[in-house]
Amino acid sequence: MKVQAIREIDSRGRHTTTHRQLFMLPSGKMVIDTPGMRELGLFEAGEGIHASFGDVEEWFGTCRFADCRHQAEPGCAVLAALKDGSLPRERWEHYLTQQQEHKYVQDRTGYLISKRARDKMTAMQGKQTRKNGGWKK
Ligand SMILES: [Zn+2]
């Protein structure tokens, strides 16, 4: 119920503001957060991982457990491949870095959604002064 209320406020806000946010990932990449573009951005981030790490993710299908986290699970194909050298360790670590970055974007987006909702509530309680705030193109 709480989440639904936030989403309602957020989607209403999209019609009246042109607010944008830029933030930097640990790797130094810049990400732009604009209302309406968010899902697209996350979709691309997720697809990018699958496209460039297909060789790494191939191992996942051969793990003993479907929900294997590839850390210390028995029968983990990734750990076995790392051990016998089939999967280069630096390749695996690169993959993990990308995963963390993707997670960071999702966490950060969740934070921005709730922050935006809070801003909206504050704006509704007070007077409307920032109707067309944000950057000019
Ligand atoms: Zn595994």
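View 1. The model is a predicted one, in which local features need pLDDT of at least 70 and side-chain atom pairs count only at pLDDT 80 or more, while totals for chains, interfaces and linings use all residues. Residues are numbered from 1 along each chain as its sequence is written, and side-chain values use heavy atoms, with hydrogens and water left out. The zinc ion is coordinated at 2.0 to 2.3 Å by Cys 63 (SG), Cys 68 (SG), His 70 (ND1) and Cys 76 (SG); donors are N, O and S atoms within 2.8 Å of the metal (3.2 Å for Na, K and Ca), and because water is not among the atoms, sites may look incomplete.

**View 2. The geometry and sequence spacing of the zinc site.** The arrangement is tetrahedral because the four donor atoms around the zinc ion subtend angles of 103 to 116°, and four donors count as tetrahedral if all angles lie between 85 and 135 degrees. Along the sequence, the donor residues of the zinc ion follow the spacing C-x4-C-x1-H-x5-C.

View 3. His 70 lies in the loop between H3 and helix H4 (77-84), helices being DSSP runs (H or I) of at least four residues, numbered from the N terminus. With a relative accessibility of 12%, His 70 counts as buried. Leaving aside residues up to four places away in sequence, His 70 touches Phe 60, Cys 63, Cys 76, Val 78, Leu 79 and Trp 92, where contact means heavy atoms within 4.5 Å. A polar atom of the His 70 side chain also lies 3.2 Å from the backbone oxygen of Cys 68.

**View 4. The two salt bridges of the structure.** The structure holds two salt bridges, each defined as a side-chain nitrogen of Lys or Arg within 4 Å of a carboxyl oxygen of Asp or Glu. In one of them Asp 55 pairs with Arg 91, and the closest N and O atoms are 2.8 Å apart. This pair links distant parts of the chain, with Asp 55 in helix H3 (residues 54-57) and Arg 91 in helix H5 (residues 89-125), 36 residues apart. Asp 55 is partly exposed at a relative accessible area of 38%, and Arg 91 is partly exposed at 25%. Arg 69 forms a salt bridge with Glu 73, for which the closest N and O atoms are 3.3 Å apart; here Arg 69 is exposed, with a relative accessible area of 56%, whereas Glu 73 counts as buried at 15% relative accessibility.

Terms used: Tetrahedral: all angles 85-135°; square planar, octahedral: opposite > 155°, others 65-115°. Helix = DSSP H or I, 4+ residues; strand = E, 2+ residues; numbered from the N terminus. Buried < 20%, exposed > 50% of the residue type's maximum accessible area, 1.4 Å probe, protein only. Polar contact = N/O pair within 3.5 Å; in protein donor to acceptor, adjacent residues only side chain to side chain.
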